[in-house]
Amino acid sequence: MTALSGVTAVSFDVDDTLWDFDGMARGALRAVLEELSRLDPEAARALDVDRMVAIRNETHDRLRGRVDDLNAVREESMKQALREAGRPDDDLGSRLAQVYFRHRDAARRPFPDVRPALERMAPRYRLGLLSNGNTGADALGIGGLVSFEVFSQDHGGMEKPDPRIFEIAAERAGCPARQIAHVGDSLANDVAGAANAGFRPVWLNRNGTPNDARAELEIASLEELAPLLP
């Protein structure tokens, strides 16, 4: 008997599970600050990548339930960063957001283990995405391998670990929660969230992060997932 006996579907988190979102975001924000340095050096000196990340997260929390489009949230965070830097200029904020989006779109590609793993599983399991982000399967070039996609921004901003977003994924998968393995990098959103919703959680710990609250099932690469399935 395999570790995930009875599983007929697999849902995947996207950001930092299927692609390097954090690395992309930091690279994109560096490009934004370079553009800002060219246009307004004083404003650029008042900001750095870590602060830009924090402002985006603060903006997301402030707009939760009112603005569901994550691109709009990102653009507003650019405007807020300029206000914080003492240079309120919404047109410039929109321009900087476009710099970010261009960098993001050019950098969207899956980790090397993603396509081989999904190709191995797709003939036997229903595969889907369950994400608090907004990167879809087609953007990563894996659209033909995925049967369903659930994004929080399409459901009023309802985010993992809320069990309701997992319930929507189960409906899309067409099977009971207990028959779905959910794979993700976040112990809170993916592992605890999936377990609370009745899914079978698998922690994808790509970086070997030590943590006392380890998941029952932990893998370092998606190459390790198929042998755990029935």
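This is a predicted model: local features need pLDDT of at least 70, side-chain atom pairs count only at pLDDT 80 or more; totals for chains, interfaces and linings use all residues.

Biologist: Start with the whole chain. How many helices and strands are there, and in what pattern?

Modeller: The protein chain has eight helices and six strands. Along the sequence the pattern is β-α-α-α-α-α-α-β-β-α-β-α-β-β.

Biologist: Why is the chain called as compact as a globular protein of its length?

Modeller: The radius of gyration is 19 Å. The globule rule gives 17 Å for 230 residues. The two values are close, so the chain counts as that compact. The C-alpha trace spans about 65 × 35 × 35 Å along its principal axes.

Biologist: What share of the residues count as buried?

Modeller: Of the 230 residues, 50% do. As for contacts with a separation of 6 or more, 59% join residues 24 or more positions apart.

Biologist: Now a single residue. Why is Arg109 called exposed?

Modeller: Its relative accessible area is 52%. Exposed means over 50%. Arg109 passes that cut-off, so it is called exposed.

Biologist: Where does Arg109 sit, and what does it touch?

Modeller: Arg109 is in the loop between helix 5 (90-107) and helix 6 (114-121). Leaving out residues up to four places away in sequence, Arg109 touches Leu18, Trp19 and Leu140. Trp19 is 90 residues from Arg109 along the chain, yet their C-alpha atoms are separated by 6.2 Å.

Biologist: Which residues of helix 7 are buried, and what covers them?

Modeller: The buried ones are Ile165, Phe166, Ile168, Ala169, Ala170 and Ala173. Their cover includes strand 1 (9-12), strand 2 (126-131), strand 3 (148-151), strand 4 and helix 8. Gly174 follows helix 7 with a positive phi, near 75°.

Biologist: And which residues of helix 8 are buried?

Modeller: In helix 8 they are Leu187, Asp190, Val191, Gly193 and Ala194. These pack against helix 7 (163-173), strand 4 (180-184) and strand 5 (200-204). Just after helix 8, Gly198 takes a positive phi of about 90°.

Biologist: Which residues line the second largest pocket?

Modeller: Among them are Asp16, Asp20, Phe111, Asp185 and Trp203. This pocket has a volume of about 180 Å³. Its lining has three nonpolar, three polar and four charged residues.

Biologist: What makes a space a cavity and not a pocket?

Modeller: In a cavity the probe fits but cannot get out, whereas a pocket is open. The structure holds one cavity of 30 Å³ or more. The largest cavity has a volume of about 90 Å³. Of the 13 residues lining it, the closest to its centre are His60, Val67, Leu70, Gly157 and Glu159. Helix 3 (49-63) and helix 4 (70-84) are the elements that each give two or more residues to this lining.

Methods: Residues are numbered from 1 along each chain as its sequence is written. Side-chain values use heavy atoms; hydrogens and water are left out. Helices (H or I, at least four residues) and strands (E, at least two) are DSSP runs, numbered from the N terminus. Buried means under 20% relative accessible area, exposed over 50%, partly exposed in between (1.4 Å probe, protein chains only). Contact means heavy atoms within 4.5 Å. On a 1 Å grid over the protein atoms alone, a cavity is a set of points where a 1.4 Å probe fits but cannot get out, and a pocket is an open set with protein on both sides within 12 Å along at least five of seven lines; lining residues have an atom within 4 Å of a point. Grid points are joined across faces, edges and corners, and a volume is the space filled by probe spheres set on the points. The radius of gyration is taken over C-alpha atoms; the globule rule is 2.2 Å times the number of residues to the power 0.38. Ala, Val, Leu, Ile, Met, Phe, Trp, Tyr, Cys and Pro count as nonpolar, Asp, Glu, Lys and Arg as charged, and the others, Gly among them, as polar.
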